[in-house]
Structure formats: C-alpha cells, structure tokens
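This report describes how a protein model surrounds its ligand and then turns to some details of the backbone. Please keep the structure in view while reading.

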Amino acid sequence: MGNLKTIHYNKSIVSGKLEVPGDKSISHRAIMLGSIAEGKTKISGFLDGEDCLRTIDIFKLLGVSIERVGTDVSIESPGINNWKTPTEELYAGNSGTTARLMLGILAGAKVSSAVLTGDESLSARPMDRVTKPLRAMGASISSENDKDLLPLKIEAGSMTAIDYTNPVASAQVKSAILFAGLHAEGTTIVRENTVSRDHTEQMLSHFGAKVHSSNGEISITGGNSLTGKDVHVPGDISSAAFFMVAAALVEGSSITFTNLGLNPTRSGILDVLQNMGVDVNVMNESDVNGERSGTVTIAYNKLIPTEISGALIPRLIDELPIIALLATQAAGTTIIKDASELRVKETDRIAAVTNELSKLGANIEATVDGMIIHGPTALRGGTMDSYGDHRLGMMAAIASLITTEPITIKDSACIDISYPTFFEDLEEITRVF
Ligand code: S3P
C-alpha cells in the first residue's frame, strides 16, 4: 500500500459531461436484498469498487450464486433461510457498511455460525453501536476482545422485535436493526433524532418487505419472505462531489453529471454548494426503485463561506473532507460542527483533513466535532497522506487543481475502494487552458 502518485492539474479548467460510477450504499444493499430474497435479481449500474466486491464475496461464501459482468450483476439465491454455513471467515475488507449490515443480516439468518473480519482500519472501528441493539433482540454475537471489535462471531438464534432510539445518526446502525427486524418476531421500530440515508428502507420496500417510515420513525414487520427484483443503481453523489468541488474551485469551469443519485437524504452537498455561492442546476429528475436521480450542472462562481451543522451533517457526512478543501478558497470563515462521526470513519477524518490541508498552507483548525476554516489561502504543493482512506486520496488529487506545486499522494490505490475509474474521469474532465 506504499504507492505514490504525483499529479498537477493547476492549468486546467473543469468542463464536460460525466456519468460517475454507481452509488456505493445502494450497490451494497442491492446485493444484500438480492441475496436475502429467493429467486433472481438483476442489478444494473453496480459499483465495482473494492468495498462492494467484498459484499459479493461474502454472499458467495453463504451459497448465493452471483455473477458480475462489469456493472451488471445477476443473483440467484435460495433465500436467507437456505444459506449454507460458510467454511471460511467472511472478510469485509475496509467496508463499514458491509460489516455492520452483515451483522444485522446474519443475526436473523439460520446460518449456524459465521465469523466476520476486516482490514486493520475496519478492525479498529466501533461495532458495539450495532452489537448492543442486536443482542437486545436476541442475537448471539461474541468477540475475543472486550470492546466488541472485529472479528465477531455470529451464531443462529431466535430474534424478537425491538423499539430502539438510535443514539448516533448512522444509517449503518439503522440498517442493521431493520435487516434483523425482517427476520424477528413482531414489529421492530427504529427512531432517529436526525434523519440518516434511507436506502435500506427504499430497497426493502422495493423487494416487498413491510416497512414504513414517517417523521424519523421506521418500522418493519418480521416474518415475510422476499422475492428477487430488478434494481437500477444511479451514480454516486459522494463520488461526483469531488468533481463538483473541482468545478467550484476553478474559474471558468462548468460540469454536468447525468444519471446522478439525488436521494434527498444524500444531497446535502448541493445545498452547501448553493450556500457557498456556486451555481447549481438540477434537471430531469425521476424515481426508479425508490431512488431519485437526475442531471446536475455545477458552475464556478465566487465562493463565500458557510456554516454546516445539525440535520445537514448526515446528508453529506462523506463529503466533508472535500468541502473542507473548498472552504479554504472561500472569502471568510467556514464552520463545520456536529460532525464527531468523522472521527470514526475509515480514518479520523477531522485529524487527517486538518493535517493534510495544513501542510499545503491552509488556515484550518480541528475542533472536537468539526473544523474551522479561514479562507481564502493560496495552497502550495507537497506530499499528502491518504491514510488508506479513499476520500482523503481523492481530496488530495482535487487539491492539485489549485496548488502552485504538484501533489504527491501516498497510497492513491485506496481510491479503488469507491471510485476505481477516478483518475481516468479526472483526466477526461480537465482541459488545459
Ligand atoms: C453508509 C452510511 C454512512 C456513510 C458510509 C456509508 C451506508 O455511515 O458514512 O460511507 O451505506 O449506510 P454511518 O451510517 O456510520 O454514518
């Protein structure tokens, strides 16, 4: 993982049309529901990034037949009640979504015993936020450490419904409980104070589960079996965000994204760009399998600072590193708060973003739950560490559009986790002026 990549796009404007790869969150859930359901599921637009490939590998070990040709996936499953007991450990790699959602799924499955593992980063990330409510439902989950970190062993048991108020605004926690609730006796309720991404609810409903959601209260009634469906995955707004910011950073730029996921629980980046003075134009919206998509054009304008907090945070949690870079070029002080979840992502993203942007000369300070950024500051080049975190790697690459010297990215290969064609797309949308 020690590879270095040096790039410099400082004489480029950002322009053209782009269809970014499929949404990571939706791709995971399409594989999961297609494997839980009995029969055939066909997925188009699947993200073939490392994280989603780990999810496919896990279901193959559970006896589900999955064939992938590029971004098209065919699943033929015997249904969750007929999965086999895996003979190997289930490796989630770097993927928090795979690990946490699999805990909920396996808790309600009839697989006698399975062990879930992950890479070094994932093995340090908190799992107790999921194991606690699952154990309250009757799940049998054990770990060899006293912190409930991976590896975790899940054994078959009978599950009963729970009424749970989620203390963290986390879609992964909510989803794990809803998946467990799908095979628990009674009606499970998850309450959230701040609404998190709702892809699980949308996908459950598409596959025919009895799920209802209103005013931050989501309920699911257990016991009914699901059958396979077709799923279309729109482009990932969290991936597009890097090129949206690229266009917002360079005067004269304008970029259009087609087939872009616009689920309102994910589109906070568009609100922030607008609040910062950037031109944002959304067209051709439509809904497929509960997921909105459309065409979005982002054009450069003079940047003003903003405050990002409260209910907006879960709607753009993964975009905060690249938003921090953008804020270094706004005239004034941008404040990001209520985002302590950033500290338990693939790396501590508050510490990592602050360190790496400071190296370039940014005026940025870390707070307990966010960052304060004073702009505008000219950025110099240098070596930036990705910390093995895909979103930090992409932030470093986009910084090279405005730095005076080249940027060398440490471990740029980690970008394959969510955006394997990132550098090709960056090349395509940048034109030397
Ligand atoms: C995800 C939820 C978010 C997000 C992650 C993907 C999901 O995590 O950061 O990249 O697919 O459910 P949390 O639920 O922990 O906030």
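## Basis of the description

Helices (H or I, at least four residues) and strands (E, at least two) are DSSP runs, numbered from the N terminus. The model is a predicted one, in which local features need pLDDT of at least 70 and side-chain atom pairs count only at pLDDT 80 or more, while totals for chains, interfaces and linings use all residues. Residues are numbered from 1 along each chain as its sequence is written, and side-chain values use heavy atoms, with hydrogens and water left out.

## The shell around the ligand

The residues surrounding the ligand include Lys 24, Ser 25, Arg 29, Ser 170, Gln 172 and Lys 345; a residue is near a molecule if one of its heavy atoms lies within 4 Å of it. Helix α1 (24-36) and helix α5 (171-182) each contribute at least two residues to this shell. The largest share, 3 residues, is that of α1.

By class, the shell holds 3 nonpolar, 4 polar and 5 charged residues. Here Ala, Val, Leu, Ile, Met, Phe, Trp, Tyr, Cys and Pro count as nonpolar, Asp, Glu, Lys and Arg as charged, and the others, Gly among them, as polar.

The ligand lies between domain 1 (4-22 + 234-432) and domain 2 (24-232), because both give residues to the shell around it. The domain bounds come from an automatic or database domain assignment.

## Contacts and burial

Three polar contacts (pairs of N or O atoms within 3.5 Å) may be followed here. An oxygen atom of the ligand is 2.8 Å from a side-chain N or O atom of Ser 170. For Lys 345, the distance from a side-chain N or O atom to a ligand oxygen atom is 2.7 Å. Gln 172 instead uses a backbone N or O atom, 2.9 Å from an oxygen atom of the ligand.

The protein buries 95% of the 380 Å² that the ligand exposes when taken alone; these accessible areas come from the Shrake-Rupley method with a 1.4 Å probe.

## Details of the backbone

Pro 376 belongs to the loop between β21 (370-375) and β22 (382-385).

Notes: A polar contact is a pair of N or O atoms within 3.5 Å; within protein, one must be able to donate a hydrogen and the other to accept it, and residues adjacent in sequence count only if both atoms are side-chain atoms.
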